[in-house]
Structures are given as C-alpha cells and as structure tokens.
Amino acid sequence: MEKSQSEIRIIIVGIAKNPLGFMGLVIVGAIVFSAIFAAWIVPYDPIEMNIRDRMQGPSWSHLLGTDQLGRDTFSRVITGGQVALKVALPAVFGAMAIGLTLGMVAGYGPKWLDNFLMLLFDTIRSFPTVMFALAVVALVGPSLQTVVLVVMATSIPTYGRVARTQTLTLRNSEFILAERSMGASMARILGVHMLPNIIGVLAVLAAMDIPTVIALEAGLSFLGLGVKPPTPSWGALLKDGYALVRQTPWLVIGGGLPIIVATLGFTFLGESLRDVVDPKLRKNQ
Amino acid sequence: MTDVLLEIDNLSVDYETARGDLKALRNISFDVRKAEIVGIVGESGCGKSTLISSILRLIAPNTRFRSGEIRFDGSDLLKATEREMRALRGDEISIVFQDPMQTHNPVLSVGQQMIDIQHRSKAPKGEKREKAAQMLAAVGIPDPEARLDQFPHEFSGGMRQRIAIAMALMSEPNLLIADEPTTALDATLEVQIIERLQELQREMDCAILFISHHLGVIAELCDRVVVMYAGAVVESGDVRKIFHEPKHPYTRRLIECDPGHIKTRARILPTIPGEVPDLANIPDGCIFRDRCNQATERCMAHVPPLESVGEEHMAACWLNHEEVTA
Ligand SMILES: Nc1ncnc2c1ncn2[C@@H]1O[C@H](COP(=O)(O)OP(=O)(O)OP(=O)(O)O)[C@@H](O)[C@H]1O
Ligand SMILES: [Mg+2]
C-alpha cells in the first residue's frame with residue numbers, strides 16, 4: 001500500500017511541476033475545498049429568501065449581490081459547486097469504472113461478447129444525451145440522482161470504447177505474451193498487467209470529462225430537467241441570471257464564471273496528468 | 001532413458017489458412033536431456049517459434065496439432081489441460097524472448113514485476129523483494145536493491161535482457177527456452193550475456209533450449225544441436241559432430257558461410273541460393289532438393305528419413321544412405 005501512496009505523490013508532484021498543471025491543481029483544489037466546507041464558508045443560507053434585499057449589486061454584506069428573491073449569490077455559487085461535484089464525480093467515476101470493466105471484457109473476452117458490447121455501446125451513443133435525459137426525467141422526475149444516472153449511462157460507452165481499444169492493443173503485445181508464458185492467469189493479466197496500462201488513459205479522459213458533465217448538469221438544470229429549485233446549482237443560477245440580465249448582471253456572472261473556471265481547472269489537470277501517467281515521459285522521478 | 005527431460009516425438013503442426021493448411025512443422029523429433037543445452041538453428045520461417053509456442057501451448061488460434069507428442073518429464077503436454085499448462089509455465093518451463101525492449105510491462109517497476117511473477121509463493125512481500133534483488137545480482141546488475149524501483153525504460157537493452165533472464169530463472173525451472181535472446185543486442189553484450197547464462201546454467205542445473213541464428217553462439221554454448229529447415233529436422237546431434245562433420249548439405253552450407261566464431265557477428269543466417277518451398281503446398285521428395293547441388297532422382301521422389309549416421313548424430317539425407325548401403 002505504501003507503494004501506491006508514493007505513486008500518487010509522484011503523480012501530484014509531476015503535475016505541479018508543469019505551470020498549467022499547477023494552476024489546474026489550485027483551481028480543482030479550491031473547488032473541492034469549497035465544496036467540502038461549503039457549510040462553513042457560506043455567509044448566508046443559500047435558499048433563505050429576503051425580499052427586502054432583492055437584486056442588489058456586490059457589497060460587503062453580499063459579495064456577489066443577491067437574486068430576485070434576495071438570496072445571497074455568493075452562498076449559492078459555493079453551494080452550487082457542491083451540487084456540481086455531487087453530480088460530476090459519481091457520474092464520471094461510475095461511468096469510468098463500468099466502462100473500464102466492460103471495455104476490458106470486450107477486448108479480452110470472446111468475439112461474440114465483444115460484438116454484443118459494441119452493439120450496446122453504439123445503441124446508447126446513438127441517443128442524444130438531452131433526449132435521453134428528457135425521456136428519463138419524464139419517467140422518474142427531475143432530481144440529482146436522475147442527472148447522475150443519465151450522465152453515467154451516456155458516458156459509459158466512451159470509456160468502454162477506449163478501454164477496449166487499449167485492451168486489444170495490449171493483448172497482442174509481447175509483454176503480455178511474456179506474462180502468459182510465466183503462467184499468469186487471466187485475472188492476473190487483466191488486473192495486474194493491463195489495468196495499470198489502461199487506467200492512466202482513462203483518468204485523463206475522466207479529468208477532461210468532469211467539466212463536460214458540470215456543463216451538462218448546468219444545462220439540464222437550466223432547462224428545468226436537473227436539480228429541483230430551490231437547490232442552488234450553477235445552471236439554475238445561470239437561468240435566473242439570464243431572465244434578469246437587464247436588472248442585474250451579477251447572477252449570470254455568478255453562474256457562468258464558475259463553470260468556465262472549473263472547466264479550465266479540470267482541463268489543465270487532465271492535460272498535465274496525461275504527461276505524468278506515461279512513465280516514459282516522467283523526468284527522473 | 002530417465003535423463004530425458006523434453007521429448008518431441010513425431011510432432012506435426014499445421015496452420016489453417018485461407019490457402020489451405022500450412023504445414024509449419026512436419027514429423028519433428030528430438031529430445032532435451034536434463035541439464036543440457038540444446039541449440040536450434042534454422043532460417044527465418046523454418047518453424048522455430050511454432051515449435052516453442054507448441055511446447056508452451058501459447059499458440060495462435062489457427063494452430064492445429066496433427067500428430068505426435070511433446071513429453072515433458074514423461075507426460076504428454078498436448079494432453080494436458082490449460083490449467084496444468086499454466087502451472088507448468090514460468091515454474092518448470094520458462095522462456096526468454098528475443099526483444100528485451102518489448103518483454104516488460106512499461107508501467108510497472110522492475111521490482112513490482114519480479115515480485116508479481118512469484119505469485120505462486122506464499123512468502124511475505126519483503127522476502128520476495130529480497131529474492132528479486134538476489135536474482136538481479138546473479139545476472140550481473142549492479143546495485144540491484146535500488147534498481148528494483150526503476151522502470152523498464154530506465155534500463156538499456158542488455159540490462160533488460162538480463163532482467164528477463166533473471167525473471168525466467170527465478171523459479172529455478174527445469175527447462176529454459178531462449179528464443180534468440182541475444183539477436184537484438186550488439187556483439188560484446190551478446191558474449192557477456194551468453195557467458196552469464198552459461199554460469200547460471202551450471203549453477204542451477206537447468207536444461208536450455210536455445211534458439212539462435214548465430215552459429216558461433218550455438219557452437220560456444222550448446223551440447224547438442226538441432227538443424228531445422230522448412231519445418232523439418234534435417235540434422236541433429238552432438239555439437240562437435242555437427243560442426244566438424246556435417247552430414248546434411250544444408251548444414252554444410254550454413255557452416256561454410258558462417259565459420260561459427262562467437263566473436264564474429266552474424267545477425268542473420270547466411271543466404272543460400274534458391275527458395276524455401278511453399279509450406280502450404282509441399283512438393284514430393286526431399287524438402288531441400290531445390291537448393292541442393294547434389295540432388296539425385298531419388299531426392300526428387302522420396303522424403304529421406306531422419307536416421308542415425310553415427311553415434312549421437314542423425315541426418316535426413318539420401319547421400320548418407322548411399323554411403324552406408326554402398
Ligand atoms: N498464425 C499463423 N498462421 C499462418 N501461418 C503462420 C502463423 N504463424 C506462423 N506462420 C508461418 O509458419 C511458418 C513458421 O513460422 P515461425 O514463426 O515458426 O518461424 P521462425 O522459424 O520462428 O521464424 P523467425 O526466425 O523469423 O522467427 C512461417 O512460414 C510463417 O509464415
Ligand atoms: Mg521466430
């Protein structure tokens with residue numbers, strides 16, 4: 001175990017050496033920190049209405065002003081970040097885990113299973129995400145879990161396909177033949193030898209995918225298909241801000257800026273992670 | 001004959017292809033005794049890799065075993081289950097491949113890989129690591145303890161092949177198969193690695209089946225030699241006999257072109273005029289007849305059997321036959 005911990009340290013140090021990677025780490029770190037400690041950071045209850053203070057500009061008491069119901073925008077942005085991660089992290093990691101497993105099975109297993117899984121992936125991918133979301137929401141109603149489910153289901157094929165391609169390439173590589181000639185079982189080949197070769201690529205993909213999911217959640221919430229009001233989400237903020245953009249620009253900024261910043265942060269992280277996960281590119285340690 | 005470890009008996013292997021069955025190995029017979037080094041020489045495409053993959057049963061899906069037996073320690077491997085084969089691989093039979101740049105997992109440290117291949121042992125991890133370091137030291141890698149934490153790309157080709165040898169010998173196998181282990185390395189490295197292999201072989205008392213294009217290495221290293229041509233054994237026997245009194249025209253041509261000195265470099269076998277017959281469509285008679293300048297009527301019509309031409313010496317050529325009968 002101490003081995004994998006030092007591995008993680010090497011990766012983080014590697015990312016931080018790259019200026020963009022460093023920025024990515026700082027941004028993502030800040031988002032995660034503010035999401036975890038949201039309850040202590042926010043100056044106001046994000047859903048508490050205060051009609052007397054509606055639609056104010058920034059001030060010392062309301063850093064980003066207030067909305068049409070007098071709710072503190074800053075508090076809603078911070079809590080919205082929490083909602084965004086609550087959707088993005090389980091959806092992305094869930095999709096990655098399932099896609100990885102199915103993709104490796106497709107790539108290493110018998111041909112018929114491969115064909116079946118590919119057909120399944122293609123079928124899922126042929127639905128536009130928003131259409132799929134509409135259908136699911138119509139069936140089970142809008143909620144945070146629905147968003148997670150929809151996002152996860154629609155992104156499994158992406159991870160699955162990448163994992164499959166990697167597995168197919170590795171399967172015919174000489175070092176896997178060498179492992180087999182040393183008596184390694186299928187489980188050992190997949191788990192010990194192929195997995196570490198595939199996980200890096202998928203981790204990069206996942207880091208790049210998180211902003212897409214955050215934007216998707218915002219989009220769904222914007223359309224009223226995401227989290228239910230009054231739960232603050234960046235999409236919901238954007239929606240209110242859009243309607244009230246003539247009265248106060250602060251809502252649009254409060255909803256839009258975090259999405260942009262989060263997108264940049266995760267993309268920087270993903271880009272520099274890509275360089276680090278390939279040990280050949282790692283500069284001595 | 002209790003000292004026989006591996007016995008290939010009349011083995012024939014085909015590849016099913018769109019053009020029909022490609023007869024990659026035909027009636028191969030030879031054996032490897034305990035603790036001896038047997039060399040296999042032959043041009044590219046003569047079936048050396050097919051032979052190895054048949055022994056380990058790590059075969060291409062279109063492989064078909066047509067006849068024969070591969071007896072290891074008395075039991076026929078062609079009848080063994082996949083599970084039994086897996087138990088054998090990397091434990092009693094190990095292999096070192098040709099290209100050291102390709103045979104290690106690029107994302108695991110050398111130590112992790114060397115600990116992983118000890119998966120059959122219940123020993124604690126620290127002990128496995130210690131054993132890995134000892135093996136690295138045994139194949140001549142300095143500062144092994146520190147190098148365990150490095151990744152394959154941090155080693156040179158020669159070092160990587162040493163690591164591959166260390167890994168293959170870790171389980172103290174009875175049989176080590178080496179498929180052109182030094183072809184990818186330059187001459188000085190080749191000599192060093194061959195010498196180290198020889199030392200380790202004496203220490204561990206394991207048999208080696210050594211495949212090479214380099215006659216010099218075979219002459220230096222091996223006790224006995226099997227000469228293959230287009231999927232068949234044309235000559236086999238004691239290394240001195242083969243090199244000093246070759247009884248098959250093909251062997252003779254090989255030796256003429258490559259005097260067999262370990263220090264001289266021969267990356268590929270010398271080319272002999274003529275073409276190897278199409279294995280999917282084998283003509284009558286001796287397989288070597290089209291490239292042989294001594295071929296007779298008889299060679300055109302009948303396949304010469306592999307017969308004894310002296311003590312510890314077999315050859316498949318009608319010319320010897322006439323000498324004997326005459
Ligand atoms: N899976 C396969 N399907 C069809 N033909 C094959 C297959 N594998 C090998 N062959 C053919 O079988 C013959 C023997 O091949 P093999 O790889 O055993 O030769 P080799 O002696 O190892 O050659 P080299 O020295 O180049 O490694 C060759 O003609 C080759 O083209
Ligand atoms: Mg070969």
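Reader: Why does E82(B) count as partly exposed?

Author: In this predicted model, E82(B) has a relative accessibility of 41%. Buried means under 20% and exposed means over 50%, with partly exposed in between, so 41% puts E82(B) among the partly exposed residues.

Reader: Is R89(B) buried or exposed, and how do you know?

Author: R89(B) has a relative accessible area of 3%, and because the limit for buried is under 20%, R89(B) is called buried.

Reader: What makes the pair of R89(B) and E82(B) a salt bridge?

Author: The closest N and O atoms of R89(B) and E82(B) are 3.2 Å apart. The rule asks for a side-chain nitrogen of Lys or Arg within 4 Å of a carboxyl oxygen of Asp or Glu, so this pair meets it. Side chains of opposite charge can pair when their charged atoms come close.

Reader: How many salt bridges does this rule give over all chains?

Author: The count over all chains comes to 24.

Reader: Why can the salt bridge of E7(B) and R71(B) be said to tie parts together?

Author: The side chains of E7(B) and R71(B) meet at 3.3 Å, N to O. E7(B) lies in strand β1 (residues 4–17) of chain B, whereas R71(B) lies in strand β4 of chain B, so the pair ties together parts that are 64 residues apart in sequence. E7(B) itself counts as partly exposed because its relative accessibility is 27%, and both residues belong to a network of salt bridges that also links D9(B), E69(B), D76(B) and K79(B).

Reader: What is the case for D278(B) and R19(B), and where do they lie?

Author: The side chains of D278(B) and R19(B) meet in a salt bridge of 3.1 Å, N to O. D278(B) lies in the loop between α10 (249–257) and α11 (297–301) of chain B and R19(B) in the loop between β1 and β2 of chain B, so this pair ties together parts that are 259 residues apart in sequence. D278(B) counts as partly exposed at 32% relative accessibility, whereas R19(B), at 56%, counts as exposed, because the limit for exposed is over 50%.

Reader: Why is strand β10(B) called largely enclosed?

Author: Seven of the seven residues of strand β10 (residues 232–238) of chain B are buried, so β10(B) is largely enclosed by the rest of the structure. Strand β9 (residues 224–229) of chain B pairs with β10(B) in the antiparallel sense over six bridges, with V227(B) standing opposite E235(B). β10(B) also pairs with β12(B), over three bridges, where H313(B) in β12(B) is the bridge partner of G237(B).

Reader: What makes V32(A) and F37(A) count as partly exposed, and where do they lie?

Author: V32(A) lies in helix α2 of chain A and has a relative accessibility of 31%, whereas F37(A) is in the loop between α2 and α3 of chain A and has 34%. Each value falls between the limits of 20% and 50%, so V32(A) and F37(A) both count as partly exposed.

Reader: Which nonpolar surface patch includes V32(A) and F37(A)?

Author: V32(A) and F37(A) are among the residues of a nonpolar surface patch of about 620 Å², together with F33(A), I36(A), W40(A) and I41(A). The elements that give two or more residues to this patch are α2 (19–36) and α3 (38–41) of chain A, and α2(A) gives the most, with three residues. Patch members need over 30% relative accessible area, so V32(A) at 31% and F37(A) at 34% pass that limit.

Terms used: Residues are numbered from 1 along each chain as its sequence is written. Chains are lettered from A and ligands numbered from 1 in the order in which they are written. This is a predicted model: local features need pLDDT of at least 70, side-chain atom pairs count only at pLDDT 80 or more; totals for chains, interfaces and linings use all residues. Side-chain values use heavy atoms; hydrogens and water are left out. Patches are made of residues with over 30% relative accessible area and no salt bridge: like charges are joined within 9 Å, nonpolar side chains (Val, Leu, Ile, Met, Phe, Trp, Tyr) within 5 Å. Accessible areas come from the Shrake-Rupley method with a 1.4 Å probe; for residues, only the protein chains shown count as cover. Helices (H or I, at least four residues) and strands (E, at least two) are DSSP runs, numbered from the N terminus. Buried means under 20% relative accessible area, exposed over 50%, partly exposed in between (1.4 Å probe, protein chains only). Two strands pair if DSSP finds at least two bridges between them.
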